[in-house]
Amino acid sequence: MHDLARTRQIPPRTSPAPTIDWISCRSKSSTEITMHCCRLLTVFRHFGTGANSGNGLAFRRLTNVGKNSVAFRYSRGYSSACSASTNYGRCSTSSRGGRIFAPARYLSRCTPSWTGSQDSDKPTGSILELQPNDFVDFLKEKKIRRCFVVYDSRAGEVRVSHPELEELVRFSREDRVDYDNHEAVFLEVGARSGCLLGAFVWRTNRGQACGGIRLWDYANMEQYLRDGLRLAQGMGVKSALAGLWVGGGVSVVCEPRERLSLLSDLRASLMADCGCFLSDLNGCLVAAEDVGLNVIDLDNVHMFSRYTTCISEDKGGSGNPSVATGKGVICAMEGALDFLHMGTLEGKRIGIQGAGNVSTIVVEELLKKNVSHIYVTDCHMNRVTDMRNRFPGVTDILQVEKVPLDDNGVLAYPCDIISPCALGNILNADTIPTINAKIVCGAANNQLGSPEDNLLLKERGITYIVDYLANRMGIVNCANETYGRLPDDPAINRHFGREWDNSIFLMTKKMLKKAQSEDITPVEAANAIADKLSLELHPIWPQRSQQIIQALVDNNWHLG
């Protein structure tokens, strides 16, 4: 294959942490100048807006806790950076007793679900136990820049690009937790950054795989692979329930040993690598924003690949998805009320955890619906103040309160609906018994602590609206960016209506009806519906991404 580093005149990587003196260079190509300007623009925008990538403020410690589970412990700084997320913004997680669990099917746009302390420095002979940056060193030693693991549907077998990576085939064959005949996993060592880049593709019957680019620090390759496999499947489930003609996918990038600072040349080089990686995959994956990246990063990725979405509005992107996500949560609430014969939102009492962007839209819509009372809590005083200032003159209806970081007291608020819109893993054996609401419906990702907690909600007679149905509008907002923009776009608005079969309102009722008639949980019902939908073929481009993957393998992509 052609050498993108050479044809695009980007300086090739010469060390694990390249530094380029852009100011003093005597001759610069146009691409080099553009990359330098993007760095400066990033700085100015960050200083002007206070934006951050979330991941850059985190101090993480990762470790193994077993073959099929891994652990994550996060700092207060990271929790602050990640709370009150949108579905295509940063998301967050909270712990229960120092442990976090997130079922593979629940994952969409969330932080890894692990807790513990790092213990991965010991020598190891297993690829799965290697820290991803050590895996990069392993690949370099074997003179491998690209590799893949693909599922050959015709033979019913998993194939790997290099015999040195046969352990990944055994992992795929034996795993019963996260691997689900994923169509492909492509891995590449970035030519400029030296970072490990990955593309994970689940089912693409409905169209190109679509999911975010996640930048994260993993303790070992098993964590890295499991996170990618879970996220790809989670995006496929969410997209299928939303009626989108896209498949499940995600790109996972491991942070380099050198942390990516605001002024780092390495960060710009990494975004260039991500773009070229996507371009060389020929469109089997369309990538968006995930944890660790922001819209400015996506703009920089877009410089090197057309297979990106979630770019800024001034470049033709879909912009902030918070408004659409908040409205979607309201539709899910209304669907649940209607199914339970509880009437409309008028006169209802709502408890909301989190006062971020999505919560603000939820409150705004609830006030329009004439609810009787809204109780909102957040652990950040600035968000509490912002919400109070946003809605002056309604203190008799809206109460916004600052609470400690780990305070889940809002769940015990006596109301009709509890709406988790901040941290994940807050519906667990400790909190569920305190819930005084009939319905739980919110925008937070990974609200359930474990499958057992899902059953506990059912036993207590609490109707749970699965997060990946209620918060779907993040992916919906950007999935069709390439088809252009319209004011009051009917392709967006139909998700808020009550006529289209896949609207949030009707899909909520369909899920609850199936759960009731089959005596199963809403999560099980939603997954069953999504499984069936994910197998439907795209009406115009059936199996297009599968054909692209096959062509990449046949044409020796891994040798490029």
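Mentor: Let us begin with burial: a residue is called buried when its relative accessible area is under 20%, exposed when that value is over 50%, and partly exposed in between, with a 1.4 Å probe and protein chains only. What you see is a predicted model, in which local features need a pLDDT of at least 70 and side-chain atom pairs count only at pLDDT 80 or more, while totals for chains, interfaces and linings use all residues. Residues are numbered from 1 along each chain as its sequence is written, and side-chain values use heavy atoms, with hydrogens and water left out.

The pLDDT, which is the predictor's confidence in each residue on a scale from 0 to 100, averages 81 over the protein, and 77% of the residues score at least 70. Over residues 1-123, however, the pLDDT is below 50, although this stretch has 334 contacts in the model beyond near neighbours in sequence; a contact here means heavy atoms within 4.5 Å. Among contacts in the protein between residues at least 6 apart in sequence, 71% join residues at least 24 apart. Of the 560 residues of the protein, 62% count as buried, and the protein has 18 helices and 15 strands, these being DSSP runs numbered from the N terminus (H or I of at least four residues for helices, E of at least two for strands).

Now to the rings themselves. A pair of aromatic rings is described by the distance of the centres and the angle of the planes. Rings of Phe, Tyr and Trp (its six-membered ring) pair if their centres lie within 6.5 Å, and planes under 30 degrees apart are stacked, those over 60 edge-to-face and the rest tilted. Seven aromatic pairs are counted by this rule. In one of them, Y218 and Y224 have ring centres 5.5 Å apart and planes at 80°, so they form an edge-to-face pair. Y218 is buried because its relative accessibility is 1%, and Y224, with a relative accessible area of 0%, is therefore buried as well. Another pair is that of Y375 and Y413, whose centres are 5.1 Å apart and whose planes meet at 45°, so that this pair is tilted. This second pair links distant parts of the chain, for Y375 belongs to strand β11 (residues 373-378) and Y413 to the loop between β12 (398-402) and β13 (417-420), 38 residues apart. The relative accessible area is 13% for Y375, which therefore counts as buried, and Y413 is buried because its value is 10%. Ring pairs also link F148, F186, F277 and W557 into a cluster.

A charge sits over a ring if NZ of Lys or CZ of Arg is within 6 Å of the ring centre and within 35 degrees of the ring normal. By this test R206 lies over the face of W245, at 4.1 Å from the ring centre, and R494 lies over the face of W500, at 4.0 Å from the ring centre.

H495 is found in the loop between α15 (490-493) and α16 (504-518), and its relative accessibility of 1% is why it counts as buried.

On a 1 Å grid over the protein atoms alone, a pocket is an open set of points with protein on both sides within 12 Å along at least five of seven lines, whereas a cavity is a set where a 1.4 Å probe fits but cannot get out; lining residues have an atom within 4 Å of a point. Grid points are joined across faces, edges and corners, and a volume is the space filled by probe spheres set on the points. The second largest pocket holds about 900 Å³. It is lined by 37 residues, of which Q208, W245, A479, T482 and Y483 are the closest to its centre. The elements giving two or more residues to that lining are β7 (209-216), α14 (473-479) and α18 (544-554).
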